[in-house]
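Subject: A structure for you to look at

Hello,

Have a look at it first, and then read on for what turned up.

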Amino acid sequence: MEMTHRWLKRCINWCEENPEIYGHKQHLFPIVQGSTYSDLRKISAEFISEQNADGNAIGGLSVGEPEEEMYRITNEVTDVLPVEKPRYLMGVGTPWNILESIGLGVDMMDCVMPTRNARNGMLFTWQGVMNIKNEKWKKRFFLHWMKRGLAL
């Protein structure tokens, strides 16, 4: 965590010395670290907040931690990070994680999982997760579109 904070200071200095790259202002979102340790996360979130960056990121919570831990730490961190700056939760992408994170004060998130899963036929629906490649869906969807005159 301390190494990340030292690195952040170097990044801030670089951004101040190089305000525009390719004619565009760069936006720095420092990353709150500290694993699932509340005390370290609080120290990191306070340090990050003091840097007055354009936005703030919350990292290291979607790499195998139980959802309850991710939510607990996210809640603790968003209590510290300024509400007037975007708060970005890194690597979160299930529909239920997205909705819960929004409720905890997160403004943005990203994840490769929905796209990767969709490529393999897994879809998130209001009725739950489904694999569109399963044989049982082939006929159902065909009949659905036939009724609407849209079948190919």
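Which strands form an open sheet, and in what order? The order is β3-β4-β5-β6, with parallel pairing. Helices (H or I, at least four residues) and strands (E, at least two) are DSSP runs, numbered from the N terminus, and two strands pair if DSSP finds at least two bridges between them. The edges of the sheet are β3 and β6 (108-109); each has a single partner strand, so one side of each is left without a neighbour in the sheet. Between β3 and β4, which run parallel, there are two bridges, and V32 has I58 in β4 as its bridge partner.

Before going further, a word on the source: this is a predicted model, where local features need pLDDT of at least 70 and side-chain atom pairs count only at pLDDT 80 or more, while totals for chains, interfaces and linings use all residues. Residues are numbered from 1 along each chain as its sequence is written, and side-chain values use heavy atoms, with hydrogens and water left out.

The overall picture

The chain has six helices and eight strands, and along the sequence they follow the pattern α-β-β-β-α-β-α-β-α-β-α-β-β-α. Its radius of gyration, taken over C-alpha atoms, is 21 Å, whereas a compact globule of 152 residues would have a value near 15 Å (the globule rule is 2.2 Å times the number of residues to the power 0.38). Along the principal axes, the C-alpha atoms fill a box of roughly 60 × 40 × 25 Å. Of the 152 residues, 29% count as buried; buried means under 20% relative accessible area, exposed over 50%, and partly exposed in between (1.4 Å probe, protein chains only).

Helix α3 and its cover

Helix α3 covers residues 67-80, which makes 14 residues. From its first C-alpha to its last it reaches 20 Å, close to the 20 Å expected at 1.5 Å a residue (that is, 1.5 Å times one less than its number of residues). Its buried residues are M70, Y71, I73, T74, V77 and T78. Their cover includes β3 (31-32), α2 (38-50), β4 (56-58), β5 (87-89) and α4 (95-103).

A residue in a loop

V92 sits in the loop between β5 and α4. Is V92 buried or exposed? At 2% relative accessibility, V92 counts as buried. Leaving aside residues up to four places away in sequence, V92 touches S62, M70, N97, I98, S101, M109, D110 and C111, where contact means heavy atoms within 4.5 Å. One of these, M70, is also among the buried residues of α3.

The cysteines

How many disulfides does the structure hold? There are zero disulfides, a disulfide being a pair of cysteine sulfur atoms within 2.5 Å. For C11, the nearest cysteine sulfur is that of C15, 6.6 Å away, and this is too far for a bond. C11 counts as partly exposed because its relative accessibility is 25%; C15, at 24%, counts as partly exposed.

Enjoy exploring it!
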